[in-house]
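Biologist: Could we go through this structure together? I would like to begin with a contact between two side chains.

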Amino acid sequence: MSVLESIYERDRLEVVGHRVPRLDGIEKVTGTAQYTTDIELPKMLYGQTLKSPYPHAVIKSIDISQAQSLPGVICVITGGDIPNNNRVMGITVSDQSILSADRVRFVGDEIAAVAAIDEKTAEKAVSLIRVEYQPLPAVFSADRAMTKDAFLVHDFAKSNVGSSKQVVAQDVEEGFSEADVIVEDTFLTSPIEHAPMETEAVVSSYDGSNLKVWSTTQVPYWDRVVLSRMLGIPQHRVRVITPHVGGGFGGRDLFTLLYICAALAWRVGGSRPVKMVRTREEEFTCSTNRHSMQIRIKLGAKKEGLLTAMQGKAIIDAGAFVGWAEALGQAQGHLFASRYKCENIKWEHYTVYTNNTPGGPMRGFGNGELSFALESMMDQLARELLIDPIKLRRMNIVKQGYVTPIGWNLKGCHLDECVDRVAEYFRAKRIELQQTNANSRFKRGIGFACGSHWCGWRPGYNARIWRTGYAKPEELYAANPSSPYVFVGENGKVQWRAGFDSELYDADPSSCILNISDDGTATVHIGEVDMGQGLYTTIAMIVSEETGIKLEDINVVGGDTNSGAFGIGTFASRSTYIAGNAALKAAKKAKEILFDLASDMLNAPTDQLKAADGKIFLRSYPERSVFIADVALRAYATRRGGGIMVSSFHDPDSVLPDSNGKGSIAEAYLFFAQGVEVEVDIETGIVRVLEVVSCHDVGKVINPIEAEGQVQGSVHQGIGHALTEEVIRQKGRIQNPNFLNYVIPPSVQMPKVKIMFVEKSETSGPLGAKGIGEPAMVGIAPAIANAIYDAVGIRMKTLPMGPEKVLAELQNTGSHEKL
Amino acid sequence: MTSNINLKINGARYAFSVRDDETLLELLRTRVGLTGVKKACDAIGECGACTVLVGGRAIYSCLYPALRADGAEIVTIEGLAVDGGLNPIQESFLKLGAIQCGFCTPGMILSTQALLEENPEASVQDIHDALSGNLCRCTGYEKIIEAIMMAKQTYAKPVSRRG
């Protein structure tokens with residue numbers, strides 16, 4: 001196809017770019033949508049867990065006999081009953097058990113699970129389990145945990161620093177020596193809770209050879225791998241299904257309840273389903289919270305404003321287990337080095353064990369915290385240099401074609417346009433505000449932030465841990481001498497078996513299986529999950545656009561591992577871009593078959609055909625057409641048909657980080673700029689967000705309704721992160737595990753959100769699209785902090801920026817008196 | 001202690017023997033099978049997902065004793081559709097994309113229904129007030145407010161559309 005023709009094609013998009021109501025909308029507005037929480041099955045049992053009341057203790061003994069003999073109790077399990085209990089969780093380090101057997105490391109650490117005929121009996125049984133604890137010294141802050149005399153959270157580690165890495169590009173010291181101005185400061189962020197409306201829910205059953213799991217997961221295929229490893233059941237006998245999911249936001253990227261419930265069902269056997277649903281309190285206390293961290297940033301610049309050096313250091317409170325924290329610290333290094341053009345970079349991160357609730361990934365994956373620190377410092381730098389903060393950003397931001405010091409290859413980058421559009425939007429108001437603030441108790445200010453994010457991510461998991469749970473053959477052998485993956489060589493050394501030699505999981509894949517039935521309707525299987533963001537509608541739109549099959553004739557089935565369409569999961573703003581590409585590839589194959597058959601029927605060569613609105617027709621003479629339903633019938637009902645069943649696999653052209661941690665981890669990147677207007681009440685310290693403008697380089701927008709929804713929802717969560725949300729812990733115990741005391745901003749606090757999309761077609765994206773899941777949450781906290789500075793001249797360095805902190809800061813600096 | 005109650009749910013009559021401590025939420029979800037009534041907090045009136053209409057008034061069914069509903073007419077999300085079609089609020093939520101994960105949606109729609117039945121001229125502030133007990137974690141509320149403003153136009157007409 002010529003370039004002109006391709007533009008012509010794109011201009012005539014029939015479905016993509018239109019405001020399409022979500023395909024599961026009717027079920028959702030009529031209450032018929034079934035969530036895992038809603039599943040009730042015959043002979044169902046209900047599960048409950050016993051949690052540690054101590055932040056740190058040795059388990060001296062567990063006595064389950066009374067619980068077991070309670071009438072109505074079918075099964076009680078402890079860690080010892082789960083075959084691979086210790087090697088299931090863990091992305092980079094296997095330090096977490098499904099049920100803790102010998103030691104508990106946080107309040108809420110789960111020790112035993114019960115399945116009983118109803119919830120009340122299960123609860124009663126849990127209360128009858130006797131555990132003898134020997135409390136240990138506990139540590140609740142990363143700073144304290146890093147000191148030499150701190151008690152170790154894990155014995156295998158020599159210190160509480162679970163991991164530390166640094167990434168260096170060029171010479172940061174030389175960069176600072178060239179600088180005319182250097183700024184440096186430390187920022188703190190608080191743990192927050194994902195708080196999806198549906199709490200974690202799992203239903204599982206085992207018939208003696210097949211394990212079935214329904215759940216609220218974001219990563220069904222990944223769960224299948226883990227379940228297979230945990231119970232020694234091969235993957236083809238494990239089926240993970242995701243019904244409607246009531247939100248995720250990263251909290252369901254591997255969560256223990258899924259495995260606990262599956263282990264219970266496996267022990268119960270007899271196809272008896274076990275159901276477990278977290279209470280809201282458990283959602284806060286037993287499953288992960290967003291990490292709290294401490295970030296120090298040092299920037300150096302020439303007096304004209306060009307950055308000469310950037311140095312950053314993150315100390316991440318991982319909680320009781322490393323989980324995703326190490327990957328997150330690495331990811332922050334990538335983000336740190338990829339928004340401003342600066343060759344001299346140093347980033348280091350420390351993930352630190354404490355006896356706090358384990359941290360987990362959440363929307364933005366470290367970018368929100370990093371941006372709070374970095375974008376606040378960019379503003380501070382601008383003040384020092386007496387340069388407008390937007391101008392400073394504009395002269396330093398990355399541009400198309402730039403390869404960042406950490407290796408990101410920015411093939412499609414329109415950050416400059418994002419910054420310009422946000423600046424333009426607030427231009428007049430900034431001038432106006434300079435005059436109106438003087439004599440008011442309510443001071444208004446405007447702040448900005450900008451940045452980059454990935455669209456999918458190639459992090460390089462350890463493929464051997466992925467498969468066996470172990471990184472070293474001798475460790476696996478010690479645990480399981482009969483494992484087929486290891487053997488003892490002639491030299492007596494334990495080795496991986498020949499052929500099992502991929503150390504790194506070098507892929508970021510999704511796939512699609514597309515079947516067109518003989519009535520011309522399509523079933524599209526993908527591996528990723530629609531957890532509310534509208535992914536299935538997006539996928540249907542892509543398939544409809546390409547094949548001409550009407551939207552209502554397309555059924556997208558995601559997240560059922562029995563479909564066989566492997567996808568690594570829904571996270572990292574990857575689904576539209578990567579699963580969308582897989583769907584587009586499959587649609588192209590299916591279209592080829594349809595066109596081949598239609599070409600006979602219409603007596604025209606395939607390159608003169610076009611498909612839209614349920615028909616295939618001649619481009620030059622659209623009246624000459626056939627229904628896709630009739631073409632599809634030929635595929636099945638005639639000798640030469642051959643059916644229409646196609647599959648595809650898509651792995652983006654991204655690069656694994658090398659031994660120095662550098663590489664272009666995604667094929668496409670997302671860019672954004674955000675601006676915020678706030679009003680600070682200097683009497684009370686209350687900050688009100690009056691308006692937000694959020695501009696995003698996202699490629700072609702597939703469905704504006706859902707893309708806007710992602711921005712609006714992200715901005716809402718960003719405001720929560722910035723101003724109201726904080727999981728409050730006292731000696732490791734969460735004080736506010738409920739919506740009364742953990743404050744998600746209510747509707748009345750939501751400002752107007754002006755959304756702008758820079759819709760430059762991404763050549764590697766499906767029909768030009770990239771992604772939008774995370775970035776709109778990222779810049780809100782720093783933009784608000786910068787707006788507060790603009791309004792009242794105080795630099796907020798701790799999230800959330802609640803009234804008491806703002807007031808204290810106002811009083812500290814006395815700056816409001818100066819105003 | 002149990003007591004016998006009679007009630008009308010989504011137009012159908014039911015008789016139940018209920019425990020004193022049984023909530024309307026429990027009755028509707030587990031005994032009537034109306035799983036459109038959701039629960040997102042620990043049944044302590046913090047999230048609004050369990051909102052239903054009792055005599056046209058929006059209430060938290062998690063805090064409402066089933067016993068108290070004796071003789072009442074109850075509408076859940078399953079009973080809101082009119083004559084096989086969507087109620088105007090359902091339609092505007094769908095059309096404008098005021099739904100993401102959908103878990104808060106039934107409660108949002110029912111709170112709106114109670115509001116617009118009572119005050120078809122509801123202002124944006126009235127809407128915020130009416131939704132102050134309904135949490136949403138996905139949408140940022142903006143499309144929900146827009147959808148309600150759109151649905152409002154239908155309610156402003158003199159014809160009552162009570163489901």
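**Domain contact and aromatic rings**

Modeller: A salt bridge joins the side chains of A:Asp560 and A:Arg239, at 2.6 Å from N to O; the term requires a side-chain nitrogen of Lys or Arg within 4 Å of a carboxyl oxygen of Asp or Glu. This is a predicted model, where local features need pLDDT of at least 70 and side-chain atom pairs count only at pLDDT 80 or more, while totals for chains, interfaces and linings use all residues. Residues are numbered from 1 along each chain as its sequence is written, chains are lettered from A and ligands numbered from 1 in the order in which they are written, and side-chain values use heavy atoms, with hydrogens and water left out.

Biologist: How many salt bridges are there between domain 1 and domain 2 of chain A?

Modeller: The count is one salt bridge. The domain bounds come from an automatic or database assignment, with domain 1 at 3-33 + 509-650 and domain 2 at 36-136 + 200-277.

Biologist: Turning to aromatic rings, how are A:Trp454 and A:Trp457 arranged?

Modeller: They are stacked, with 5.6 Å from centre to centre and 15 degrees between the planes. Rings of Phe, Tyr and Trp (its six-membered ring) pair if their centres lie within 6.5 Å; planes under 30 degrees apart are stacked, over 60 edge-to-face, and the rest tilted.

Biologist: Is A:Trp454 buried or exposed?

Modeller: A:Trp454 is buried, at 0% relative accessible area, and A:Trp457 is buried at 5%. Buried means under 20%, exposed over 50%, and partly exposed in between (1.4 Å probe, protein chains only).
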